[in-house]
Amino acid sequence: MQAATVAEAAAASTRATDYPIRRVAVLGAGTMGSRIAAHLANAGLPVLLLDMAQAGERNALAAKALEGLKKSKPAALAAPEFLGRIAIGNFDDDLEKLQQCDWVIEAVAEDLEIKRGLLARVAPHLRADALLTTNTSGLPVGAIAETLPAEVRRRWFGTHFFNPPRYMQLVETIATPESDPAAVAAVARFVAVHLGKTVVPANDRPNFIANRIGAFSLLNTLRVMQQQGLSIEEVDALTGRPLGWPKTGTFRLADMVGLDVLGGVVRNFAANTKDERGDVQLPGFLEQMLERKWFGDKTGQGFYRKQKGAEGDERLVLDVATLEYRAAQKPRIPALDLAKNIESLPERIRALLGGNPEKDRAAAFYGEILPDLWLYAANRIGEISDSVADIDRAMRAGFNWELGPFEMWDAAGVAETVAKMRAAGRAIPGVVEKLLSAGATGWYGNGGAEVFDARAGAYVPVESPTAVVTLSRAKRSGGVVAENPGASLIDVGDGIGCIEFHTKMNALGGDIVNFVRETLRPESEAVRDFRGFVVTNDATNFSAGANLVQLLLAAQDEEWDEIDFYIRGFQEMTQAIKFCPRPVVTAPFGMTLGGGCEVALHAAKRQAHLELYMGLVETGVGLIPAGGGCKEMTLRAMEIAAAAAPAGSRSDSVELHHTMRTIFENMALAKVSTSAYEARSLRLLREWDGITMNRDRLLHDAKAQAVALAESGYGPPLPVTDIAAPGESVLAALKLGVHMLHEGGYASDHDVTVATHLATVLCGGNVTPGTPVSEQHLLEVEREHFLSLCGERKSQERIAHTLKTGKPLRN
């Protein structure tokens, strides 16, 4: 089906309100169905989950699915209590309950007749305005519903979620010629806004977009691997980070996803696609693995297998020629070692393709699979989608590629690579000839703002949802107001400036600290010119925390004055955020750890992404928070205690002890939230802080919060000078808890040292309970104890170990 015109799309969007979505049913409580139900529950919706009736306990299958959700890893639910939003039932007894549902999602086995049989039973129970969709991963959507009544087929189409639904960003919508565009638009908007997904329209062709391209890429990789005599370890090294693909590579990812799942996709691809690449088929060794049920992690073996060895777990790898396992070996591919030093992915791709294929195994491999990928994707334009940009978006969101196939082709140079393809005797698709004859230099133009439209033979604007505000777009329009090597101030419109970090992992060093502190000074030009600020960025993570390399070097050289100067500056930065005359909204997402967490804590408000892994984790490296994090958590503990019991009462004291202990344990154990909702339960987010489901909409939502605060007449808080310090009584209780853990063998001597420093800081020092102290006093106590720990040899060992391995050391 061809894409709708702009006018048709606008009309459909207007009528999308005819289909409100307030309650959803999922048919099928298997892995996908139960996890789709879980993510709908994450969005706050009541969900009905149905499966086949069983003898005895009628709802046993659905009940088992709920139990599975409790233990699923990664967690399907953003908070355990959300499980209560899912009601269960069965197809025999509970179909009449579908009358209460606005949207019904079919997610049963990938079998055409099974789906048709269930839908025939379901159709009579649907409301006249209920939406009905299928989660098929590749069966023809129109054919599934061809026996349904015409009025149901108008509200029928495909909604293909990727597994696991909470974490994978792509949902493909597949309309049929009979689908009401307004119905499709209603679901697309709901899925984007409330479920946080990247929604890509796909044509009703086998495997749709992402699985069509992805299945070809997988099978072609297997073909080239066998042709060139490469090992599984070598292919995983070649197809991971060097190409901007998931670091697991091809085979480790296949084991994680499940070869049974991938087998279904590639079998469907092989059986139903009749295109120019008939030589790309399911290899015999993979067929044998499927027959033997070597499905990967879920069955204990696939392309890899773990076994106990003399020195712990040993990873074995499959020899595809013999189907026997051997010890895994580290690949030695010199080109990949050189490529590690190239930060820019487009430059890395050009470098990897530039080697001599007769001497360089990487160049030989990439010289086969990348042109194959590009030509195959180009031949699919007009079949799986009319839009180059949509194909790229589907691969980025569905397979976690940094660049889609056409973006990768642009990075390598379209004209240069086509010339090599011609020389090799490859057939060039007509759409590519059309691109080059139009004088275009790549599939994208104007810095990525435009994309080549094959039908028009010209560049057209890349469409994006109205609620998506990107820093890259703001930069292209000249929005950079000020910058240094670590941070930038960008005008994002409506009087709001965005402070963006752009160091590696957004580690907080001197450049960022100085930039934020100077930008948010009351007398700065930025404060004069903007009415509010947002702190966020377009990277994978908000901030991994302070720059530990600088800190370790200074500590090893005993540069205590330098460390003190840096910590003072860091505290001045967080205080500038808190007391700025203009509202500062932080928009944390991904890893928001240590100092990154402290930056977020000090804002007037936080607008977090659902996938927020936030924590004050400094104890993991033998330190404590020193950028105001301890101070803020003490203030929050006292607020919570005061709200729960009358001031000065015995219950007030009990509540303070309880709250302080909880916060202390969270920090001492370096707890990290698994979602924004858990961050709220850890007191890192407040009840009034916002949560955005869609990462692409986070800046838009945070900006809206900053505008709302500014228009409400925002005034900054005043520094608190009369905090009743928890003091020695709470401190004694916390120390006792640490002592008991040490006696039980659960805490090392150094753990005790770190925890004692942390407890002392949280309690305001060794002072009489109730002693009035100021925020500045708490900052000074933080800094004093942080410096003391920096001098501990064990703390330095922990920092060094973390920098080397990425994991904390317990010593």
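## A salt-bridge network around Arg 517

Arg 517, Glu 518, Arg 521, Glu 523 and Glu 572 are joined in a network of salt bridges, a salt bridge being a side-chain nitrogen of Lys or Arg within 4 Å of a carboxyl oxygen of Asp or Glu. The model is a predicted one, in which local features need pLDDT of at least 70 and side-chain atom pairs count only at pLDDT 80 or more, whereas totals for chains, interfaces and linings use all residues. Residues are numbered from 1 along each chain as its sequence is written, and side-chain values use heavy atoms, with hydrogens and water left out.

Glu 572 lies in helix H24 and Arg 517 in helix H21 (residues 510-519), so the pair ties together parts that are 55 residues apart in sequence; helices (H or I, at least four residues) and strands (E, at least two) are DSSP runs, numbered from the N terminus. Arg 517 counts as buried because its relative accessibility is 19%, while Glu 572 is partly exposed at 41%; buried means under 20% relative accessible area, exposed over 50%, and partly exposed in between (1.4 Å probe, protein chains only).

## Other salt bridges

The structure holds 51 salt bridges. One of them pairs Glu 611 with Arg 166, with 2.8 Å between the closest N and O atoms, and this pair links distant parts of the chain, since Glu 611 is in the loop between S21 and strand S22 (612-615) and Arg 166 in the loop between S6 and S7, 445 residues apart. Glu 611 is buried, with a relative accessible area of 9%, and Arg 166 is buried as well, with a relative accessible area of 3%.

Lys 703 forms a salt bridge with Asp 494, where the closest N and O atoms are 3.0 Å apart. Because Lys 703 lies in helix H29 (residues 698-711) and Asp 494 in the loop between strand S16 (487-491) and strand S17 (496-501), the pair ties together parts that are 209 residues apart in sequence. Lys 703 counts as buried, at 11% relative accessibility.

Helix H24 is largely enclosed by the rest of the structure, because 14 of its 20 residues are buried. At 1.5 Å a residue, the 20 residues of H24 should span 28 Å, and its end C-alpha atoms are 28 Å apart, which agrees; the expected span of a helix is 1.5 Å times one less than its number of residues.

Helix H31 (residues 749-762) has 14 residues that should span 20 Å, in agreement with the 20 Å between its end C-alpha atoms. H31 is mostly covered, with 10 of its 14 residues buried, among them His 750, Asp 751, Val 754 and Leu 762. Just after H31, Gly 764 takes a positive phi of about 80°.

## Surface patches

Asp 557, Glu 558, Glu 559, Asp 561 and Glu 562 gather in a patch of negative charge on the surface. Patches are made of residues with over 30% relative accessible area and no salt bridge, like charges being joined within 9 Å and nonpolar side chains (Val, Leu, Ile, Met, Phe, Trp, Tyr) within 5 Å. Glu 562 lies in helix H24 (residues 560-579) and counts as partly exposed, at 47% relative accessibility.

Val 549, Leu 553 and Leu 803 make a nonpolar surface patch of about 250 Å², with accessible areas taken from the Shrake-Rupley method with a 1.4 Å probe. Leu 553 lies in helix H23 (residues 548-556) and, at 49% relative accessibility, counts as partly exposed.

## Backbone geometry

Most residues other than glycine have a negative phi, and most peptide bonds are trans. The peptide bond from Lys 73 to Pro 74 is cis, with omega near -5°, and Pro 74 is found in the loop between helix H3 (60-71) and strand S3 (86-90). Asn 163 and Pro 164 are also joined by a cis peptide bond, with omega about 0°, and Pro 164 is placed in the loop between strand S6 (156-161) and strand S7 (170-174).

Phe 208, although not a glycine, has a positive phi of about 60°; Phe 208 is found in the loop between strand S8 (198-202) and helix H8 (210-228) and is buried, with a relative accessible area of 0%. Ala 670 has a phi near 55°, a positive value in a residue other than glycine, and lies in the loop between helix H27 (650-668) and helix H28 (676-681), where Ala 670 counts as buried at 17% relative accessibility.

How values were computed:
Lys and Arg count as positive and Asp and Glu as negative; His and the chain ends are not counted. The place of a charge is taken as NZ of Lys, CZ of Arg, CG of Asp or CD of Glu.
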